[in-house]
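Student: Please take one part of this model and go through it closely. I would like a single connected account.

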Amino acid sequence: MRWRLLCLIGLGLFIVGACGAPAAPPIATAVVNQAATMSIAERVEALLQRMTLAEKIGQMTLIEKNSLTPDQVRELAIGGILSGGGGYPTTENSPQAWAAMVNTFQQAALESRLGIPIIYGADGVHGHNNLYGAVIFPHNIGLGAANDPLLMEQIGRVTAIEMAATGVLWNYAPGVMVPQDVRWGRAYEGYAERPDHVATLASAFLRGLQAADVVAPQRVIGTPKHFLGDGGTAWGSSKTENYALDQGETIGDEAWLRAVHLPPYQAVIDAGAQVVMASYSSWQGTKMHASSYWLTEVLKGEMGFTGFIVSDWAAIDQIDPDYYRAVVTAINAGIDMNMVPYDARRFIDTLTRAVQAGEVSEERINDAVRRILTVKMTMGLFEHPFAATELIGQIGSPAHRELARTAVAKSLVLLKNEQQLLPLAKSIPHLFIGGQAANDPGMQAGGWTIEWQGKTGPIIPATTILEGIQAAVAPQTVVEYDRYGRFSGDPGADDAVCIAVVGELPYAEGRGDSAQLSLPPTEQRALQRMEEACARLVVVLVTGRPLLITDSLPKWDALVVAWLPGSEGAGVADVLFGDRPFTGRLPVTWPRSLDQLPLGSGTGEPLFPYGFGLQP
Ligand code: GLC
């Protein structure tokens, strides 16, 4: 079998050499043509034997798209390219520009000596969220409140379509963290505080994302992250920037890690995970990226993970100030592809030196490349390396937006409802709406939206919560909106109801670590004005996590948490006015006070327990 492929390759090389025709290098063609008669494992081995050390290390290199040219992709045989948070094309943020960007890099890769396609990745953590016009789903904490596996599978499918249409066939999602401290800036990226809850929803999302019939005849690959214990770090243990929790030291002994943080990974492996991203966090003083025990003995050995492990963004660099030592440690620990993400040559030269010095074995390199090539072949990348542009018409489609609107409605949790104020009648004579979050697409989407940290304002095509309310009420209803809660009408009148839609400003990762868990001052002032002026006050919180509201709660007649609903804000009105029922339940415990964090700390009952949700 193998000799036949090698002869074919040799013949192809001769033909190209003789004619000088700049055809796609024979190896890619040969690999594709052998799909019918050779297994993936056999084709991987045949390819591996043809590769030089430089080409092998090139495949282990993942570079940010602004940091290299297509010529360098070809020269260095780069294995992967990514768009980090906000990594849309510099030309314009459109599906066509994305597809052109990815395809240009891909064509260069196919023109390399071996013609191995790159895998292009981005964070599609709540839709293809770097792309303007993509449908933006609720962030995971809201989907945890909805707790609907079928819905998750549908969201995975739609996300795959919208990403594949632009050539991004590798999604750095789902996050399978199990947040134990909601002060964490990534709490909203987690589905829930319980591993079984996370496992069920993450597996469903991954099955939808990676389904063979969604993009067919290729597929999008997910990346459960971040292995291991990212959501269980101790306050003040981070050494990154001014982060407090993110990238810190995970609390607990091995039994605790295995009970709380590990189960979702077995679930997503069973659901077909082919890539796992390692965590910046540490455990017992060792960086996860440096832990051969957890990465190799446990994940690859005990749990049988046969895919590849990708590092996080420059995470290897954190292992040791000596870059050579850091690279040797990480690759020997089990990292297969390094999200460098800037200086490709520095990584390639460093790892080459380590192999030549015998500090990283050829076998370790071959194992990493074997894993990477296996994923690329499994997902159909050799046969279909380019953007599935025939799907562009589905991006942001009414059907996709309707799914997101359903997800929003299912994510809402009703926490207080005095005198059964909710659901509201659509014929209310006077409605007074206040709060910036009522009319701000960027706030309702949160971080990881167009920009890494997200951004307030009209950054995406969306239906705001206010627009949803205005569309829901009767024509004769008078709706007055003021973001500061200052009204010309009388919000205290007998026929008036107030809705304060207030929320957090967008954030991502450790920049969102919060010691206060409070609303921004302008939103607090708007809320206070409405607490004083309104006779009946409904509060809708737009937030990535529980906030400390214990003292204010008695002033509110009703309380709904909408989490970070994304582009389809009308889903909030659907439930406020009774078109859809309240079904959401808390996926995380709502603390009464800071001393109850991390989960399980302090004394007394929480303000609202995990699983709480009223259904009027
Ligand atoms: C970030 C995040 C990770 C993301 C990666 C690429 O730092 O930690 O979740 O997938 O970089 O954007």
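Tutor: Start with the lining of the largest pocket, which counts 23 residues. Nearest the pocket centre are Tyr-280, Trp-313, Trp-448, Trp-452 and Glu-509. Keep in mind that this is a predicted model. By class, the lining of the largest pocket splits into ten nonpolar, six polar and seven charged residues. The space in this largest pocket comes to about 380 Å³.

Where does the largest pocket lie relative to domain 1 and domain 2? Domain 1 covers 5-382 and domain 2 covers 397-596. Both domains give residues to the lining, so the largest pocket lies between them.

The ligand takes up the space of the largest pocket. Around the ligand stand 15 residues. The closest of these are Asp-123, Arg-186, Lys-225, His-226 and Asp-312. The shell around the ligand holds seven nonpolar, three polar and five charged residues.

Next, the individual contacts. Which distance separates the side chain of Asp-123 from an oxygen atom of the ligand? An N or O atom in the Asp-123 side chain is 2.5 Å from that oxygen. For Arg-186, a side-chain N or O atom is 2.8 Å from an oxygen atom of the ligand. Tyr-280 also takes part: one of its polar side-chain atoms lies 3.3 Å from a ligand oxygen. Tyr-280 is also among the residues nearest the centre of the largest pocket. How much of the ligand does the protein bury? Taken alone, the ligand exposes 310 Å². The protein buries 96% of that area.

Rolling a probe the size of a water molecule over the atoms shows where empty space is left. The structure holds six cavities of 30 Å³ or more. About 80 Å³ is the volume of the largest cavity. The largest cavity is lined by 15 residues. Val-125, His-126, Asn-140, Tyr-191 and Phe-205 lie nearest the centre of the largest cavity.

Terms used:
Residues are numbered from 1 along each chain as its sequence is written. This is a predicted model: local features need pLDDT of at least 70, side-chain atom pairs count only at pLDDT 80 or more; totals for chains, interfaces and linings use all residues. Side-chain values use heavy atoms; hydrogens and water are left out. A residue is near a molecule or strand if one of its heavy atoms lies within 4 Å of it. A polar contact is a pair of N or O atoms within 3.5 Å; within protein, one must be able to donate a hydrogen and the other to accept it, and residues adjacent in sequence count only if both atoms are side-chain atoms. Accessible areas come from the Shrake-Rupley method with a 1.4 Å probe; for residues, only the protein chains shown count as cover. On a 1 Å grid over the protein atoms alone, a cavity is a set of points where a 1.4 Å probe fits but cannot get out, and a pocket is an open set with protein on both sides within 12 Å along at least five of seven lines; lining residues have an atom within 4 Å of a point. A molecule sits in a cavity or pocket if more than half of its atoms lie within 2 Å of its grid points. Ala, Val, Leu, Ile, Met, Phe, Trp, Tyr, Cys and Pro count as nonpolar, Asp, Glu, Lys and Arg as charged, and the others, Gly among them, as polar. Grid points are joined across faces, edges and corners, and a volume is the space filled by probe spheres set on the points. Domain bounds come from an automatic or database domain assignment.
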